[in-house]
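Trainee: I would like to learn how to read a sheet. Can we take one case together?

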Amino acid sequence: MKSKIQISGFADEISSNFTEQLETVTALSMHYISLRSADGKGIADYTVEEAEQKLLPKLEKYQVKVSSIGSPIGKVGVEDEEGFEKQKRQLAEICKICKLLDCRYIRVFSFFIPEGKDPDDYKEIVIGKMRQFLDIAREADVVLIHENEKDIYGDIGRRCRTLFEALPDEHFRAAFDFANFVQCKEDTEVCWELLRPYIAYIHIKDAVSTDNENVVCGTGEGKIKELLAKAINEEGYEGFLTLEPHLVLFDSLASLETTAAENIIKENKAENGAEGYAMQYHALCGILDEI
């Protein structure tokens with residue numbers, strides 16, 4: 001079954017040092033990463049020239065490819081017009097980086113909703129702004145993969161489905177994240193059925209709903225084993241399974257969460273990022289062997 005898929009991962013959870021990231025993944029015999037940050041700098045802050053000079057040579061040296069760009073595009077307040085315009089400029093540059101790195105996917109989000117407000121009230125605004133992101137991606141011929149992140153419009157299955165129905169385009173697909181759905185009190189199996197026609201990418205991250213903490217994949221409430229068995233064996237899923245362990249506190253975590261990082265990872269489950277990454281990798285391999 002593994003021949004149908006490729007395992008990738010957010011390697012900045014290993015270390016902020018890009019060389020250490022690549023050394024660790026190659027030691028695990030992995031050949032892909034999802035590029036979110038390198039050498040302490042988020043990918044949205046790189047220019048295409050910097051990526052060509054600083055990132056591409058190391059990727060080529062270690063013979064590692066990029067499965068997706070883990071961009072922060074869409075992680076901005078839905079009412080923040082200045083932030084939105086900045087992100088459109090960033091997305092245009094990220095599209096160039098994506099092509100440079102021979103990558104097809106850019107991970108995006110669907111805007112933070114003001115605290116206490118009903119996300120459904122922002123439906124048309126979100127769709128309009130996502131359409132502008134999509135226009136940029138379509139012109140560059142790259143695929144935006146929407147992650148169901150907490151506190152954004154598309155945090156639950158129903159609203160994710162609304163986005164894909166409103167923007168039917170091969171350049172806009174779903175990145176399915178098990179843990180985020182659990183942390184939003186959603187049933188991952190129900191969400192899978194809702195989004196199945198649109199899923200092009202899968203994040204391997206698990207969680208428990210009791211305290212919303214992330215756990216090793218397969219040990220939480222994400223139904224990862226059951227849904228991967230269904231996806232691979234029954235539905236013929238072929239694509240990336242991307243490790244996003246969230247098992248130890250890592251340098252860029254604070255920039256990824258709206259709550260304090262210590263509320264997501266209450267105690268480190270490994271000695272360091274490399275060990276946590278390896279734990280998640282071996283747990284996923286075990287699941288794949290079983291199914």
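Trainee: Which residue stands opposite Ile145 in E7?

Mentor: Arg107 stands opposite Ile145 in E7. Some ground rules. This is a predicted model: local features need pLDDT of at least 70, side-chain atom pairs count only at pLDDT 80 or more, and totals for chains, interfaces and linings use all residues. Residues are numbered from 1 along each chain as its sequence is written, and side-chain values use heavy atoms, without hydrogens and water.

Trainee: What order do the strands of the open sheet have?

Mentor: Strands of a sheet pair through backbone hydrogen bonds, either parallel or antiparallel. Strands (E, at least two residues) and helices (H or I, at least four) are DSSP runs, numbered from the N terminus. Two strands pair if DSSP finds at least two bridges between them. Here the 8 strands run E1-E12-E9-E8-E7-E6-E5-E2, with parallel pairing. Strand E1 (6-9) and strand E2 (32-35) are the edges, each pairing on one side only.

Trainee: How many bridges join E7 to E8?

Mentor: 4 bridges join these parallel strands. Glu147 has Ala175 in E8 as its bridge partner. E6 and E7 are also parallel, joined by 4 bridges. The chain crosses from E6 through H4 to E7 in a right-handed β-α-β crossover. Right-handed means that, with the strands pointing away from the viewer, the path from the first strand over the helix to the second runs clockwise.

Trainee: Why is E7 largely enclosed by the rest of the structure?

Mentor: Buried means under 20% relative accessible area (exposed over 50%, partly exposed in between; 1.4 Å probe, protein chains only). In E7, 5 of the 5 residues are buried, so the strand is largely enclosed. Val143, Ile145 and Glu147 point one way, Leu144 and His146 the other.
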